[in-house]
Amino acid sequence: MKKAILAVSFGTTFPDTLEKNIAAIEADLAAAFPDRALRRAFTSGMVIRRLAERDGVEVDTVAQALDRLCREGFSDVVIQATHVMNGEEYDKLRALAAPYEEAFDRLSFGAPLLTSTRDYQETVAAMLERLPEKTPGQAVVLMGHGTPHHANAVYAALEYVFRDAGRDDVAIGTVEGYPELQEVYRRLEEMGGVDHVVCLPLMVVAGDHARNDLAGENEDSWRSRLTARGYQVRCILEGLGENPAVRAIFVRHALEAAAQ
């Protein structure tokens, strides 16, 4: 029986962060599944087109990857998403894979990062290994992507888990959802006495949003807007995929899927 694991990511057009994050997750998956061939697919058509046009790098869509696995005679496939939440991109992945469920003897799905209560707790523990220590006068601001999907509630839940871990200095905002930066302002004021802010992306890769919306030099970036409000701001551009303990959660999800 030929077995494979298909790692599915949104994707990124930044080669360095692709290697540090997506490729790092894939390498850990490959190490955990020595009996399975590792394949890659992205869910972002824009990213796939950009990589092909700019770099001549071909990345499969989910359908293309599954078609290829069918043609090559694989019968047992684990699809592991590297998405943060069970949101629009994960829904799209499941919809794209649905027509192939009868094409394999076994087709199983590893959950996104934040799915169970255990996932939230392990993610916070993993992030606390890398975040700056709690310091008087300093707050940590995490920028998530945000979504109109109901899964957007993960951000509020995650902030509560940080609080339960003793980190009430952590505030989470999003680019395209709730809470936004306005809510982050209020959280910083509620903390009291904050004059230093450390900003990090709450995303698998530190790509366009991290480099431009978070840390960009333009006046609309979070760095610039927080600076304009009198805070001293430092940005750390590190994707979640660079954290070995976060990658271990994705690996656990894949192992759980394979064991179903």
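In strand S4, Gly110 is the bridge partner of Gln80. The model is predicted.

**Strands S3 and S4**

S3 covers residues 76–81 and joins S4 through 5 bridges. The two strands run parallel. How enclosed is strand S4 by the rest of the structure? Of its 5 residues, 106–110, 4 are buried, so S4 is largely enclosed.

**Two residues compared by accessibility**

Asp76 lies in strand S3. Met191 lies in helix H7, which spans residues 181–191.

| Residue | Relative accessibility | Class |
|---|---|---|
| Asp76 | 4% relative accessibility | buried |
| Met191 | 22% relative accessibility | partly exposed |

Buried means under 20% relative accessible area. Asp76, at 4%, therefore counts as buried. Met191, at 22%, therefore counts as partly exposed.

**Contacts of Asp76**

Which residues does Asp76 touch, not counting those up to four places away in sequence? They are Met1, Lys2, Lys3, Ala4, Arg36 and Arg106. Arg106 is also a residue of strand S4, given its range of 106–110.

**Contacts of Met191**

Leaving aside neighbours within four places in sequence, Met191 is in contact with Ala139, Asp168, Asp169, Val170 and Ala171.

Conventions: Residues are numbered from 1 along each chain as its sequence is written. This is a predicted model: local features need pLDDT of at least 70, side-chain atom pairs count only at pLDDT 80 or more; totals for chains, interfaces and linings use all residues. Side-chain values use heavy atoms; hydrogens and water are left out. Buried means under 20% relative accessible area, exposed over 50%, partly exposed in between (1.4 Å probe, protein chains only). Two strands pair if DSSP finds at least two bridges between them. Contact means heavy atoms within 4.5 Å.
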